[in-house]
Protein chains: 2
Amino acid sequence: MISRVDVAAAAARLAGVANRTPIFRSRTLDERVGADVFLKAESLQRTGSFKFRGAFNAVSQTDAGGVTAFSSGNHAQAVALAARLTGKEAVILMPLDAPAAKVEATRGYGAEIVVYDRYREDREALGHALAEERGLVLVPPYDDPLVMAGQGTVALELLEEAGSLDAVVVPVGGGGLIAGTATAVDGAARVFGVEPAAGDDTRRSLEAGERVAIDVPRTIADGLQVTAPGRLTFEVNRERVDGVVTVGDDEIVDAMAFLFNRMKLVTEPSGAVGVAALLAGRLDVSGRIGVIVSGGNVGLARFAELVGSAAD
Amino acid sequence: MISRVDVAAAAARLAGVANRTPIFRSRTLDERVGADVFLKAESLQRTGSFKFRGAFNAVSQTDAGGVTAFSSGNHAQAVALAARLTGKEAVILMPLDAPAAKVEATRGYGAEIVVYDRYREDREALGHALAEERGLVLVPPYDDPLVMAGQGTVALELLEEAGSLDAVVVPVGGGGLIAGTATAVDGAARVFGVEPAAGDDTRRSLEAGERVAIDVPRTIADGLQVTAPGRLTFEVNRERVDGVVTVGDDEIVDAMAFLFNRMKLVTEPSGAVGVAALLAGRLDVSGRIGVIVSGGNVGLARFAELVGSAAD
């Protein structure tokens with residue numbers, strides 16, 4: 001089980017490497033929510049999401065000359081940049097049908113891309129064979145103590161700058177960000193997770209008291225399309241998280257539009273679920289509320305397609 | 001002629017009132033420009049643009065119980081919020097056909113809106129009559145020493161955080177932001193303005209050595225649709241600005257798309273002209289370059305309409 005000391009150690013490693021992302025406020029948001037809301041914009045983190053923190057914390061601690069990861073999303077770019085900054089090789093396994101923009105971004109950080117056919121090949125077997133053959137260390141997207149501790153640094157910064165908070169609201173996919181957050185917060189505030197309604201595996205698991213698997217959820221929040229909580233993340237979250245609520249895709253879109261129009265921030269669907277939960281009244285909170293806006297990696301065409309109808 | 005002392009005084013008044021907006025960097029931008037670029041994101045300023053700084057500096061220094069302004073744009077919201085924060089009344093004259101979102105935003109800051117028919121009524125005469133009748137002080141959008149000095153605080157913060165710079169690149173409409181910038185920079189860096197190609201009144205005026213008026217320019221950069229430099233701003237800019245370059249509307253759109261995709265920032269056309277000039281190679285600069293991204297007030301529908309075809 002990770003501790004606050006692990007998060008502090010991660011913060012020391014990330015100092016001067018990760019962006020200390022800004023915190024934004026909005027009078028309109030405060031009025032609509034009935035609380036003082038502090039948005040921590042990890043969309044403005046290097047590689048466009050909080051994933052860089054955990055990836056760098058893990059990659060910088062391995063002695064191996066190279067790392068590998070399976071990801072078509074934010075974790076791929078995070079591992080690629082972390083490897084580049086630490087002088088290591090990065091080999092990222094991506095499905096053949098991954099968006100060209102994400103492949104290009106990952107390659108742009110200096111990673112070698114190995115593509116596989118997601119309908120015919122087993123990426124885990126491929127990845128392990130590759131790691132063995134080339135002496136690479138696999139960096140998991142969330143189920144890893146160093147990754148969780150790295151993600152917890154978001155909350156450390158939030159508490160340092162916003163001062164004491166009554167609650168912190170966090171997007172939940174595999175559970176790494178909220179595990180790090182709850183560890184960093186260490187009881188000083190309540191910690192609530194937000195999942196897409198279709199992908200509430202962590203909510204169900206907490207209710208059941210054990211890890212529950214669901215089908216691949218249909219949701220626009222592609223970063224949160226996880227079928228079961230991680231083993232290590234669930235151990236942490238079961239003890240330290242105060243609750244998980246869910247939001248519908250339409251509520252996510254409304255939050256993305258709000259963040260664009262009122263706060264001038266580009267947010268991907270997964271990044272907007274915390275704001276969505278507050279705007280939709282899913283959380284019974286008051287006082288001072290921190291919200292992690294976890295990422296901004298969404299192409300313009302996709303953004304316009306999703307949010308166009310919510311334009312004001 | 002305003003001095004660096006006036007800018008410092010404005011900074012003292014704005015401390016704790018204006019956002020100290022973040023500065024962003026992008027490796028991709030640096031590579032494309034061939035320089036170290038520091039973007040000062042005034043799109044994240046209160047009311048969504050730098051205009052709040054000048055407006056607050058002016059409004060806070062008047063003894064009158066109320067203020068007025070003519071504007072359908074960023075200045076309207078800036079004056080409205082400045083008045084609210086200083087406990088003054090604000091009456092904003094807006095054309096009947098102003099975008100509903102802008103009218104609502106201005107009213108949302110507590111201002112009274114007086115509409116006029118821009119085809120049949122003279123807003124200046126209306127404004128002066130209103131000011132006289134109700135004892136209001138008119139806050140000009142740029143041609144005012146306190147307004148110019150307030151805008152200069154953007155550059156003060158930029159220099160404080162980025163360290164020494166070789167050049168600062170600034171959007172030019174009426175010339176208030178660049179006049180404040182050049183005054184704040186005070187010879188420590190070269191200062192370049194950027195205008196839309198169709199609206200190059202300041203470029204022409206600097207070339208001619210006197211204020212030149214042009215027809216109302218057709219450009220997507222609605223915040224820079226000015227027909228002649230201000231009298232006071234031109235006096236400052238003639239002495240202190242190193243040059244003005246222009247960008248086409250297509251180049252502005254490319255910059256908006258870049259800022260969205262790569263930097264997760266929502267920028268209005270006028271706010272993106274500095275980045276547009278750098279990406280289009282209009283400025284022969286190297287070393288350390290500061291760029292003021294001046295505003296982000298653009299509706300989602302309009303943004304998608306403008307930038308949709310540039311999506312990557």
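In what order do the 4 strands of the open sheet with parallel pairing run in chain B? The order is 5-4-3-6. Notes on this predicted model follow.

1. Basis. This is a predicted model: local features need pLDDT of at least 70, side-chain atom pairs count only at pLDDT 80 or more, and totals for chains, interfaces and linings use all residues. Residues are numbered from 1 along each chain as its sequence is written, chains are lettered from A and ligands numbered from 1 in the order in which they are written, and side-chain values use heavy atoms, with hydrogens and water left out.

2. Helices (H or I, at least four residues) and strands (E, at least two) are DSSP runs, numbered from the N terminus. Two strands pair if DSSP finds at least two bridges between them. Strand 5 (112-116) and strand 6 (136-138) of chain B are the edges; each has a single partner strand, so one side of each lacks a neighbour in the sheet. From one strand to the next, the twist averages 25°. Angles run from 0 to 180 degrees between N-to-C directions, with axes fitted as lines to C-alpha atoms, for helices over the stretch in contact.

3. Inside that sheet. Strand 3 (residues 66-70) and strand 4 (residues 89-95) of chain B run parallel, joined by 5 bridges. B:V67 has B:A90 in strand 4 of chain B as its bridge partner. Helix 5 (residues 100-108) of chain B packs on the sheet and touches strand 4 and strand 5 of chain B. Contact means heavy atoms within 4.5 Å. The direction of helix 5 makes about 175° with that of strand 4 of chain B.

4. The mixed sheet. In chain B, 6 strands form an open sheet in the order 1-2-10-7-8-9, with mixed pairing. Its edge strands are strand 1 (23-24) and strand 9 (243-247) of chain B, each pairing on one side only. Helix 8 (residues 153-162) of chain B packs on this sheet, touching strand 1, strand 2 (36-41), strand 7 (167-171) and strand 10 (288-293) of chain B. Its direction makes about 135° with that of strand 2 of chain B.

5. Strand 9. Strand 8 (residues 190-196) and strand 9 of chain B pair in the parallel sense over 5 bridges. B:F192 stands opposite B:G243, and B:P196 opposite B:V247. Buried means under 20% relative accessible area, exposed over 50%, partly exposed in between (1.4 Å probe, protein chains only). In strand 9 of chain B, 5 of the 5 residues are buried, so the strand is largely enclosed by the rest of the structure. B:G243, B:V245 and B:V247 point one way, B:V244 and B:T246 the other.

6. Helix 12. Of the 15 residues in helix 12 of chain B, 11 are buried. Among them are B:F258, B:L259, B:F260 and B:M263. B:K264 follows the helix, with a positive phi near 60°.

7. Core. A nonpolar core is a set of buried Ala, Val, Leu, Ile, Met, Phe, Trp, Tyr and Cys residues joined through side-chain atoms within 4.5 Å. The largest has 88 residues; A:L39 and B:L39 have the most contacts inside it. Not counting residues up to four places away in sequence, B:L39 touches residues including B:F24, B:L259, B:M263 and B:V291.

8. Symmetry. A rotation of 180° with 0.0 Å of shift along its axis superposes chain A on chain B (RMSD 0.0 Å). That is the relation of a two-fold axis. Superposition is by least squares on the C-alpha atoms of residues with pLDDT of at least 70 in both copies. The same surface serves both copies: 100% of the contact residues of chain A recur in chain B.
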